[in-house]
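Please find my notes on the model below, as numbered points.

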Amino acid sequence: MAKKEQASCSSTANLQPTLSQPHPSAASAAPASPQARFRYLATMVVYAVLILNKAGGLIYQRDFNPGLQKLSSNDYLILAGTFHGVHAITSQISPTNDSASSGLEVLESENFVMRCFQTLTGTKFLVFAEPRQPNLDVVVRRVYELYADYVMKNPFYQIEMPIRSEGFDRHLTSYIKPHQ
Amino acid sequence: MNRDPSPFRTASTASTATSPTPKYANLTASTNLRYSLTRKSIYDRHLNRTKTSELSKSAFAFLFGEMVQYAQKKVYGVQDLEKKLNLHGYAVGQRFLELLLWRDGRTAKRETRILGILQFISHQLYRAIFQKQADTLEKVRENDDEYMISDNDPVVNTYISVPKEMSQLNCGAFIAGIIEAVLDGHCFPAKVTAHTAPNEMWPGRTVFLIKFEPEVLEREALRVGS
Amino acid sequence: MVVYSFFIFDRHCECIYIRQWLDTTSSATQPLSRPVTASSATTVAISVVEKPTSGSKLSMAEQAKLVFGVIFSLRNMVKKLCGPDDSFLCYRTGQYKLHYYETLSSLRFVMLTDIRTESLKSSLHQVYVNLYVEYVVKNPLSPVEHGGGEGVNNEMFELGIDSFVRTIP
Amino acid sequence: MSSTSRARLGEEVWKLRTDKINAELVTLTYGSVVAQLCKDLDGDYAEVNKQLDKMGYNIGLRLIEDFLAKSNMQQKCANFRDTADVVSKVGFKMFLNITPTIANWSSDSKQFSLLFDENPLADFVELPDDGKAQSELWYSNMLCGVIRGALEMVQMSVDAHFVSDVLRGNDTTEMRISLIRYIEDEMPQDDE
């Protein structure tokens with residue numbers, strides 16, 4: 001499916017240069033047809049993607065568009081560890097009394113919005129994008145699917161270790177920057 | 001490479017006599033395998049039952065990935081790993097060959113020409129196993145005992161990213177094993193190896209280089225000559 | 001729009017004001033607890049009318065400490081990621097939204113609301129300008145520094161906060 | 001979540017979000033793996049079972065992510081009965097296009113069985129006629145490892161093993177799954 005999607009994604013992107021109204025997709029389910037999904041993502045500006053393993057260790061970091069400062073790999077490691085701790089605490093201080101309080105999901109600053117998606121297995125996906133980026137949920141879910149395909153199914157990837165799968169990079173880039 | 005037949009007898013040896021034993025049916029005197037009375041054994045079910053059935057590609061990807069990791073633990077270096085994968089493919093290829101020829105029934109044609117067998121592989125066999133035809137079938141100009149079948153995106157490699165330090169490895173050696181088994185099965189003994197040959201559209205493109213044994217060429221020459 | 005709690009931290013990273021509202025649908029009802037009055041050295045002693053019904057079993061002081069830990073880390077993270085001119089606005093979990101506003105004088109205003117509340121950046125700015133500066137800073141009786149929340153809990157400020165919370169859309 | 005809605009989810013994920021492949025390729029590949037193990041361990045079937053379970057466990061640790069990503073499941077299972085539904089009606093459906101029936105619940109709802117009236121891994125298979133295999137080898141043991149590995153990644157420590165197999169001449173292929181305990185999330189060290 002990935003190969004077909006990639007082909008359809010590049011073709012539809014240049015067919016509709018003017019962005020139609022973003023596809024009103026439900027928060028969790030991605031818009032039904034792949035074409036619709038890619039048309040409205042055409043002008044997506046994602047700054048960076050980070051992936052943390054369930055212990056908070058940084059296993060993937062990639063910049064896609066300028067927007068964030070360039071940090072040293074060590075800074076990213078520290079940032080990931082801190083965020084992991086903060087994420088756990090944000091669910092502790094939840095004022096509502098239902099027990100299953102999730103941790104931080106969206107972080108907003110003047111210059112970026114960050115969507116944090118934590119899987120039931122504890123892996124965290126952080127997607128940084130421009131503040132008005134519509135519906136980051138679809139983007140982060142797609143990154144998770146690509147991770148499940150091109151990292152988890154790669155026999156040369158060792159679980160919880162940094163990701164060096166060329167296939168994952170290739171498909172992530174063609175998804176996030178389709179027309180370059 | 002030894003190719004001793006694997007311990008599993010192929011499905012085609014059916015035996016029918018049933019002697020009444022209390023709990024298990026013991027089909028023939030020669031075997032002391034137990035068969036459940038209430039359940040249909042594989043001999044009772046039609047061989048074409050799973051002809052078009054499908055499983056998820058992920059299931060295959062995880063199984064194949066684990067097979068690669070298991071093989072990798074037992075070998076040193078890319079060549080040995082490819083040999084192991086080739087062996088696995090060979091076992092699969094042997095069974096697929098029999099299954100396909102049985103399914104062709106009377107229409108099955110015994111290939112006698114190199115081009116014939118290669119077309120059988122890149123069309124019928126590939127479509128039966130991978131649900132698509134091989135992308136190209138070429139002859140290597142320089143030496144006449146070599147042919148090439150290419151696949152733009154072999155299903156075994158879809159999710160595999162080979163690390164740089166093992167860059168010559170191509171897990172398509174598994175498919176090379178399948179091709180080799182089919183060729184051997186048709187008395188066209190050959191060595192088949194998988195090579196990565198990417199182009200800008202298909203980074204995962206793989207070419208299966210088929211190198212026939214000398215006697216195949218002699219026979220071919222006789223046939224062409226007569 | 002439901003407001004759960006409101007915190008003020010001074011530049012010494014100390015919590016000088018906590019206010020919690022009953023977790024009911026109406027925006028703000030009778031305040032649960034009088035604000036924090038604490039001697040700066042010891043832990044924050046809270047005079048609480050009743051046990052806060054907010055879900056978390058944490059005491060107010062613990063919650064304040066955790067909230068500060070979170071906003072401080074996130075604030076630094078944002079600064080690291082985007083440089084000094086960027087500032088952390090808010091974050092949302094599945095259950096609540098935390099809004100953050102920091103003055104140039106490193107006074108930090110934090111408000112926890114339900115997740116549907118829009119950005120409160122300008123509202124918190126109003127709280128700072130119209131309430132905090134007017135009724136706390138300009139209040140001759142209150143000390144310059146508010147170690148342990150001293151002088152922040154004066155009457156006018158309280159009323160101001162209450163009426164203000166009701167006006168937030 | 002009722003079991004019918006789980007079944008619907010499984011059906012939907014199988015139809016809409018799963019790439020398909022020829023089943024016989026998977027069957028024969030699995031066969032070649034088991035055959036290779038029997039050769040490498042020269043007929044020590046107990047060891048082959050263990051190795052198959054270990055390989056399955058490694059797969060389960062990874063497969064769970066594919067399962068969660070494709071099934072879009074956001075909440076944890078309410079209880080172990082719900083887990084059984086999800087494993088059978090969504091997991092097995094999505095990967096092997098079968099839905100084993102759930103049976104023989106223990107009174108404390110901590111143990112259940114999966115009855116496979118269809119097992120794609122065991123097509124065409126007949127165990128070796130060496131008088132040992134039919135009483136020692138669990139041909140599809142990799143499935144037990146997959147379940148154990150996958151559930152461990154979502155904080156459930158379980159034991160899974162086969163109790164009967166048609167290939168052994170039994171009337172049913174039954175896998176017994178029992179919940180050992182729920183694993184608490186490790187808390188990050190409080191570095192505030």
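1. Helices (H or I, at least four residues) and strands (E, at least two) are DSSP runs, numbered from the N terminus. Two strands pair if DSSP finds at least two bridges between them. The model is predicted: local features need pLDDT of at least 70 and side-chain atom pairs count only at pLDDT 80 or more, while totals for chains, interfaces and linings use all residues. Residues are numbered from 1 along each chain as its sequence is written, and chains are lettered from A and ligands numbered from 1 in the order in which they are written.

2. The hairpin of strand 4 and strand 5 of chain C has five residues between the strands, and C:Ser106 there takes a positive phi near 60 degrees. The two strands run antiparallel and are joined by six bridges. C:Glu102 has C:Arg108 in strand 5 of chain C as its bridge partner.

3. Strand 5 of chain C also pairs with strand 1 of chain C, again in the antiparallel sense and over six bridges. In this pairing C:Val3 is the bridge partner of C:Thr113.

4. How much of strand 5 of chain C is buried? A residue is buried if 20 or more other C-beta atoms lie within 10 Å of its own, exposed if 12 or fewer, and partly exposed in between, with C-beta atoms placed from the backbone. Six of the six residues of strand 5 of chain C are buried, so the strand is largely enclosed by the rest of the structure. In a regular strand the side chains alternate between the two faces of the sheet. Here C:Arg108, C:Val110 and C:Leu112 point one way, C:Phe109, C:Met111 and C:Thr113 point the other way, and all are buried.

5. A:Ser109 has C:Phe88 as its bridge partner. Within chain A, strand 1 (residues 46-52) and strand 5 (residues 124-129) pair in the antiparallel sense over six bridges, and A:Leu52 stands opposite A:Lys124.

6. The contact between chains A and C takes 31 residues from chain C and 30 residues from chain A; two residues are in contact if their C-beta atoms, placed from the backbone, lie within 7 Å. On the side of chain C that touches chain A, strand 1 (3-9), helix 1 (60-82) and strand 3 (88-92) of chain C each supply at least two residues. Helix 1 of chain C gives the most, with twelve residues.

7. The expected span is 1.5 Å times one less than the number of residues. This helix bends by about 35 degrees at C:Leu131, the bend being the angle between axes fitted to the seven residues ending there and the seven starting there. Its buried residues, among them C:Leu124 and C:Val127, pack against strand 4 (97-102), strand 5 (108-113) and helix 3 (155-167) of chain C.

8. For helix 4 (residues 136-150) of chain A, the 15 residues should span 21 Å, and the end C-alpha atoms are 21 Å apart, which agrees. The helix is mostly covered, with twelve of its 15 residues buried; these include A:Leu136, A:Arg142 and A:Asp149.

9. Chain B has five helices and seven strands. Of its 226 residues, 37% count as buried. Strand 4 (residues 136-139) and strand 5 (residues 146-151) of chain B pair in the antiparallel sense over four bridges and form a hairpin with six residues between them.

10. In the contact of chains B and D, 38 residues of chain B touch 41 residues of chain D. Helix 1 of chain B gives the most to the chain B side, with ten residues. Strand 3 of chain B pairs with strand 1 (residues 20-22) of chain D in the antiparallel sense over three bridges, and B:Ser56 has D:Lys20 as its bridge partner.
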